[in-house]
Amino acid sequence: MKVSPATTQRVAVGFMWTLAAITFAVLIFILAFILAHGLPHVTWSFLTESPSSMGREGGIFPMILGTLLVAGLAVLVAAPIGVATAVYLTEYTREGRLTAVIRFGADCLAGVPSIIFGLFGFVFFAITLGMGLSVLSGSLTLALMVLPTIIRTSEEAIRAVPYAYREVSFGLGSTRWQMVITVVLRSALPGISTGIVLSLGRSISETAAVMLTAGSALRLPRSLFDSSRTLALHFYILSREGISMPNAYATASVLIIAILALNLLAYWLMRRFVAKVGR
Amino acid sequence: MPAPRIQVQGFTACFDGKPAVKNLDLEIFPHERLAIIGPASSGKTTFLRSLNRLNDLDPGFTHSGEILRDGKNIYDADVDVAELRRKIGMVYAVPVPLPWSIYDNLVYGLRLAGVRDRATLNERVETALRYAVLWDEVKDRLHEPANVLSGGQQQRLCIARVLVLEPDVLILDEPCSGLDPISTGKIEDALVTLKERHSIVLVTNNTKQAARASDRTAFFLLGDLIEVGPTAQLFTKPTHKRTNDYLVGQFG
Amino acid sequence: MKRDRLIGAILLVVALSAISGLALITVFIFREGVPIILRVGAGQFFLSTDWEPSLGHFGILSMIGGSLAVTVGAAVIGVVFSLGLAIVLTQFAPPALAAALKPAIELLAGIPSVVYGFVGVVTLVPLIRHSLGGPGLSVLAASIVLGIMILPTITSIAIDALQAVPRSYVEGSIALGATRWQTVTMVLLRAARSGIVAAVILGMGRAIGETMAVIMVAGNALALPHSLLDPVRTLTSNIALEMGYASGDHRQALFATGVTLFVIITLLNTAALAVSRRRAGRRRVG
């Protein structure tokens, strides 16, 4: 018996819709599972107190601060370098061997796994440069890790700015640098911010690289040279060593909410960018 | 005849080695409207963009010969290109308002030049808008986004944006190509008043517009200047056969 | 204008320093890791399953086997789901629905890997243990978790590849009387093939480099797997598990594990780049 093309299509498309449905069910399940178990334990004191007895009791305030320091500093370092690189690639040079080398380097850097960044950060920042396991080592390692993302998204945002804007700006007597600042970066800003916000999310989520570079000290970091445990690593240690399941779930909930908020922010920025550049 | 404001002498412009304008000699005088006509790829736009050195943006651009502005070659090494572009103001075929308010568009050139004084900015904006015949339509909504204006208003805004800088020469590249007859008429009217203050070079594909809105007309063909003369004379008694062919619609 | 040239030079220096990070990483990882491979002997290091750092035995074959097993497993799951998603979202879903679902896929990419690992270990692992037997912590569990984790990467690149296929191909096929599905299999997938292959290779690179989720669900046993239900240790987990207390030769051997991983990833990325460049080259001709 020969199956008609229409039947094949119905079966195949039905199968693919099922796959899509499973994917989104998994997403919702993961979010709901963590939040349902964790949110009841997220109290004001949990957010503002220091942990005691290895995290079995108390809160996660030092980890929140540590995460903000490590991830924030990483993005603060990576953003200017990444945007400057993107501006160089798009506005200050012609496509050629040099841009090919820079793009290839960025692509390769994007493919390096986080554990390798961790190993590198450990021997380079912590040992060779003598920074030790610290907020600084961790954030510089993460900065290197998110740099390719920032370069790529900034480049795309800059390229989406119409060429005519540049001609108008030059025609009204701007130097190249004035043109870049007043027209290109101003128009591309929401798109560039999207990349930066997503990089911030990735820095907050990262565990392997910070484990090897920022260490896992439970106390409040007093300087950039102090070791500090991030939320993601704290969650890993709590659950892996079975220290406290309720606190593990609660920590994961805080992490998930932060990621959700950043993704929403990125989404909103992207929509603004599309409206502005009018694609 | 007064002294010319721009003297083009033996000017050739090439892209990737291919000439787009060949060995051009042309003069632009104060208080005149010079129309440039000719079929596609005749070098009209290339010539226009050579006047404010916008072709420099194309990496394949090379040139020879001179374009003298008040006696000085604008391609000399010590020329401030930004300053030159302020004084040779350009309007493009498609109106491109920057994605800001009307006001921010208008003061952009002055801000680039470092003018900060509010009173000066406001005064120049009003003058420019009046010359561009746009003041009455936008004076109450200067802080609205520029892209809410109609196409014709946008093009007059682009003209005003250039006028704010008080250029010597206004160069317009088919400024009415996308506009309806009424908007076109408003722009042509504006050019009549504008020539009191500026030299005007108008590139157009529309020979009727050249006949209506210019004092002299130059005919370009495949990178060569075929002839230039008073508009009435060129349209009624062209000296070259090819000019006549073009005007009666033989090509283009 | 002179100032513009200066700014250009400064930007060039910044751009070069950005990618010099890659050179630094390569130099430092290799400098730390290669000597021990030479000392132990490459044959011994790569082809022995005997990893007993306290006795000075460094053979990483079981980790290589573990990494390959979970990567292939993840690729199979990731490809089936990603292609399904990419085809549905570009061809069959109403545009409004597709626009709403894309941010959800991006969110999937944003969930921390420790969260994936954790949810895997408390839900998926017991499920496998009870329904299929074995310890639950296994190649299968790791493949499923990794498959979901690399899904956003493959899906978004596959969507780009499918959208790059000229509309006229699709319209031409439909006009010849093909069903939408026949058009997908006979025209779209064929035209977008190299883009999809590149997507899959990049996804495999993601999977083999993933660390925390794998540690939590793969079981970390030091042996070559014989079935999908066997626990395995990957190259990445080996580093993360032992780096905390390793020193001397042991630490160097972990860097050597990193060198191995680095080389595999670089090969995968180069392959993906070559495939997508071939596509770009062909398009320029056509």
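This tour goes through a predicted model, chain by chain, and says what to select at each stop.

**Chain A**

Begin by selecting chain A and colouring it by secondary structure, which comes to 11 helices and 2 strands. If you follow the chain along its sequence, the pattern to look for is α-α-β-β-α-α-α-α-α-α-α-α-α. The C-alpha atoms of chain A fill a box of roughly 70 × 65 × 35 Å when it is taken along the principal axes. Of the 279 residues in this chain, 53% count as buried. Among the contacts in chain A with a separation of 6 or more, 75% come from residues 24 or more positions apart.

**Where chain B touches chain A**

Now show chain B as well, and look at the contact between the two chains, to which chain B gives 18 residues and chain A gives 15 residues. On the chain B side, select α2 (81-87) and α3 (102-112), the elements that give two or more residues to this contact. Of the elements on that side, α2(B) gives the most, with 4 residues. Sorted by class, the side of chain B that touches chain A has 12 nonpolar, 2 polar and 4 charged residues.

**The sheet in chain B**

Stay with chain B and select the strands of its open sheet, which has 6 strands in the order β6-β7-β8-β3-β9-β10 with mixed pairing. Which strands stand at the edges? They are β6 (88-91) and β10 (224-230) of chain B, and because each has a single partner strand, one side of each is left without a neighbour in the sheet. On average, neighbouring strands of this sheet are turned by 15° against each other, direction ignored.

Next, zoom in on β6(B) and on its partner β7 (residues 169-173) of chain B, which pair in the parallel sense over 4 bridges. Within this pair, Met90(B) can be found opposite Ile171(B), a residue of β7(B).

**The nonpolar core and chain C**

Finally, turn to the largest nonpolar core, which has 252 residues, and select Val115(C), Ala141(C), Val145(C) and Val217(C), those with the most contacts inside it. Helix α6 (residues 139-163) of chain C supplies the largest share of this core, 17 residues. As a last stop, centre the view on Ala141(C): leaving aside neighbours within four places in sequence, Ala141(C) is in contact with Gly120(C), Leu124(C), Val125(C), Ile128(C), Gly136(C), Val217(C) and Ala218(C).

Terms used. Residues are numbered from 1 along each chain as its sequence is written. Chains are lettered from A and ligands numbered from 1 in the order in which they are written. This is a predicted model: local features need pLDDT of at least 70, side-chain atom pairs count only at pLDDT 80 or more; totals for chains, interfaces and linings use all residues. A residue is buried if 20 or more other C-beta atoms lie within 10 Å of its own, exposed if 12 or fewer, and partly exposed in between; C-beta atoms are placed from the backbone. Two residues are in contact if their C-beta atoms, placed from the backbone, lie within 7 Å. Ala, Val, Leu, Ile, Met, Phe, Trp, Tyr, Cys and Pro count as nonpolar, Asp, Glu, Lys and Arg as charged, and the others, Gly among them, as polar. Two strands pair if DSSP finds at least two bridges between them. Axes are lines fitted to C-alpha atoms, for helices over the stretch in contact, and angles run from 0 to 180 degrees between N-to-C directions. A nonpolar core is a set of buried Ala, Val, Leu, Ile, Met, Phe, Trp, Tyr and Cys residues joined through C-beta atoms within 7 Å.
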